[in-house]
Amino acid sequence: MIDYSQIESYSKCDCGAITIYFRNGASNSMKESTRKKLGIDLHKISKLQPSYCCNHCVNHWGIDICECGSGLPAGECICGSDKAVETFGEKFDSFSKILKNFC
Ligand SMILES: [Zn+2]
Ligand SMILES: [Zn+2]
């Protein structure tokens, strides 16, 4: 279930991904197809200016991208992991991710 009271806004990127901003400071990037799969109704969320780059295309961060940073879809990556970089509604902790990659 999507809790729209927790969602502040969203923006669309040139790459086709959208980024959703939450009131708790989290943001999630995802492909349009992932957005549809989750059933997120953008009409209920206020729209920001379109962007030309986002975490999805620049950093390979998103709730549908593999955690290893390959940029491949979660669950279809050659690394064998089925975990995504981001969890829906949770703040992406890049610092601990970076630490984990070095340990
Ligand atoms: Zn993008
Ligand atoms: Zn991977």
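Mentor: Let's start with a term: two strands pair if DSSP finds at least two bridges between them. Strands themselves are DSSP runs of E with at least two residues, helices are runs of H or I with at least four residues, and both are numbered from the N terminus. This is a predicted model, where local features need pLDDT of at least 70 and side-chain atom pairs count only at pLDDT 80 or more, while totals for chains, interfaces and linings use all residues. Residues are numbered from 1 along each chain as its sequence is written, with chains lettered from A and ligands numbered from 1 in the order in which they are written.

Trainee: What makes β1 and β2 a pair?

Mentor: Strand β1 (residues 7-12) and strand β2 (residues 17-22) share five bridges, in the antiparallel sense. The cut-off is at least two, so they pair. Within this pairing, S9 stands opposite Y21. Four residues lie between the strands of this hairpin, where G16 takes a positive phi near 105°.

Trainee: How do you know that β1 also pairs with β4?

Mentor: β1 and β4 (residues 46-47) have two bridges, in the parallel sense. Two is what the definition asks for, so this counts as a pair. On β4, S46 stands opposite S9, and K47 is the bridge partner of Y10.

Trainee: What is the strand order of the open sheet?

Mentor: The four strands run β3-β2-β1-β4, with mixed pairing. β3 (27-31) and β4 are the edge strands, since each pairs on one side only.

Trainee: Which residues does C79 contact, beyond its neighbours within four places in sequence?

Mentor: C66, C68 and S70. Contact here means C-beta atoms, placed from the backbone, within 7 Å. For C79 and C66, the C-alpha atoms are separated by 8.7 Å.

Trainee: What makes a set of residues a nonpolar core?

Mentor: Its members are buried Ala, Val, Leu, Ile, Met, Phe, Trp, Tyr and Cys residues joined through C-beta atoms within 7 Å. The largest one here has 13 residues, and I65 is among those with the most contacts inside it. β2 gives the largest share of this core, three residues.

How values were computed. Contact = placed C-beta atoms within 7 Å. Buried ≥ 20, exposed ≤ 12 C-beta atoms within 10 Å, placed from the backbone.
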